[in-house]
Amino acid sequence: MRVIDKINVDEFRAHLDNEIKAEMRQNFDSTWNSLSKEELNKFSFWYQFWWCLYFVFESLCTCFINFIWIKKHSFFVNRQAVRDKFVAGVGGEYLYVKASKAIKGVDITGYRNVNSSNDIYVNRRRGIPADATVINVSPVATLSFKDKYVGILRMGRLMWERSNGKTSHTYYANTAYMEINITDFKKTNFSLYYRNTFGKGTLLENRLFNKNFELRSSDEQDARLIFTPLVQEELLGIKATSEKFKWDLQYQNNKIIMKWKPTSWQDSYCSAYKVKFKDRERTFNTIYQEMKENLLDLHTIAYVATLPMVGK
């Protein structure tokens with residue numbers, strides 16, 4: 001029986017709260033001190049108050065609120081520019097890359113922008129109409145697994161636009177998936193869902209596993225070799241401690257695909273959306289807590305995705 005490297009969430013959490021948090025604090029303080037009073041004033045109460053009055057007056061004069069115009073207004077554009085400048089200085093991508101090295105066998109090696117239709121639509125995010133135009137997506141992180149396999153991770157916001165010829169509307173969604181390319185795995189395709197339809201799928205020895213998961217496989221014998229009793233126990237343990245999000249695990253065409261629905265508007269890099277600049281400590285804790293939660297989720301997801309390879 002092969003030995004599984006047990007997931008150690010407490011050890012990883014301690015790494016984040018010590019080394020990564022300390023480095024983020026250093027970057028944070030340096031970047032915060034580089035912001036001018038004029039830049040910080042854009043987030044002050046009275047600055048926002050008078051602009052809100054202006055928007056109300058504008059809407060009353062025109063009898064409607066032009067949302068497209070508002071979003072493009074210098075008030076919002078300038079504030080977002082300050083947020084982007086701040087997050088770039090904090091070095092979010094660098095911190096994610098460094099923190100990932102504490103996940104056993106998994107490294108984030110970098111980020112890249114991929115907006116192709118194959119990346120967005122195929123087995124990725126349901127509910128996006130075929131005639132929609134994707135206008136903004138979070139970067140894709142490139143991954144290395146056990147120094148042997150390569151993969152990608154997309155965890156973040158997704159925006160698309162639809163038009164009926166007269167008006168257009170913008171929609172938002174959250175998406176999260178991880179893909180690992182494997183060339184020396186079994187030819188059997190399988191799907192493991194975080195739910196169960198009784199009487200369907202491939203039933204294994206563990207009745208509790210069959211009750212909590214629905215496994216579908218093109219070869220039942222191979223499924224038993226992949227999902228050994230030890231792997232089944234591990235998956236049940238992870239499910240019991242990770243009820244906050246649900247995931248689907250698939251293996252098709254030499255790819256392990258892990259899909260899940262994050263609990264919030266997560267990004268696999270530091271985001272500027274939540275930066276309010278109301279208070280220095282509150283701002284720091286908001287960004288760090290978001291990053292910590294994302295990495296803890298990635299820590300668990302990466303472990304689940306590589307568990308089937310134990311029995312190969």
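Colleague: Is E23 buried or exposed?
Modeller: This is a predicted model, and in it E23 counts as buried because its relative accessibility is 16%, under the 20% limit.

Colleague: Which side chain does E23 meet in a salt bridge?
Modeller: The partner is K98, with a nitrogen-to-oxygen distance of 2.6 Å. The two residues come from distant parts of the chain: E23 sits in helix α1 (residues 9-34) and K98 in helix α6 (residues 92-100), 75 residues apart.

Colleague: And K98, how does that one count?
Modeller: K98 counts as partly exposed, because its relative accessibility is 24%.

Colleague: How many salt bridges does the structure hold?
Modeller: There are 11 in the structure. One of them joins the side chains of R25 and E281, at 2.9 Å from N to O. That pair also links distant parts of the chain, with R25 in helix α1 and E281 in helix α11 (residues 280-306), 256 residues apart.

Colleague: Why do R25 and E281 count as partly exposed?
Modeller: R25 is placed in that class because its relative accessible area is 24%. E281 falls there too because its value is 37%; the class covers the range between 20% and 50%.

Colleague: Which residues are linked with R25 and E281 in a network?
Modeller: D29 and R280 belong to that network of salt bridges, together with R25 and E281.

Colleague: What about E205, which residue does it bridge to?
Modeller: E205 forms a salt bridge with R224, and their closest N and O atoms are 3.8 Å apart. E205 lies in the loop between β6 (190-193) and α8 (207-212), while R224 lies in helix α9 (residues 220-226), 19 residues apart. E205 is partly exposed because its relative accessibility is 48%, and R224 is partly exposed because its relative accessible area is 30%.

Colleague: Changing topic: in the largest nonpolar core, which residues touch the most other members?
Modeller: They are F86, M178, L235, W247 and W260, within a core of 69 residues. Helix α11 supplies the largest share of this core, 12 residues.

Colleague: What does W247 touch?
Modeller: Leaving aside residues up to four places away in sequence, the contacts of W247 include L192, Y193, Y194, F213, L235, M258 and W260. K259, I301 and V304 are also among them.

Colleague: Which residues does the second core include?
Modeller: That core is separate and has 6 residues, among them I128, A132, V137 and L158.

Colleague: What do nonpolar side chains tend to do in general?
Modeller: In soluble globular proteins, nonpolar side chains tend to be buried together.

Methods
Residues are numbered from 1 along each chain as its sequence is written. This is a predicted model: local features need pLDDT of at least 70, side-chain atom pairs count only at pLDDT 80 or more; totals for chains, interfaces and linings use all residues. Side-chain values use heavy atoms; hydrogens and water are left out. A salt bridge is a side-chain nitrogen of Lys or Arg within 4 Å of a carboxyl oxygen of Asp or Glu. Helices (H or I, at least four residues) and strands (E, at least two) are DSSP runs, numbered from the N terminus. Buried means under 20% relative accessible area, exposed over 50%, partly exposed in between (1.4 Å probe, protein chains only). A nonpolar core is a set of buried Ala, Val, Leu, Ile, Met, Phe, Trp, Tyr and Cys residues joined through side-chain atoms within 4.5 Å. Contact means heavy atoms within 4.5 Å.
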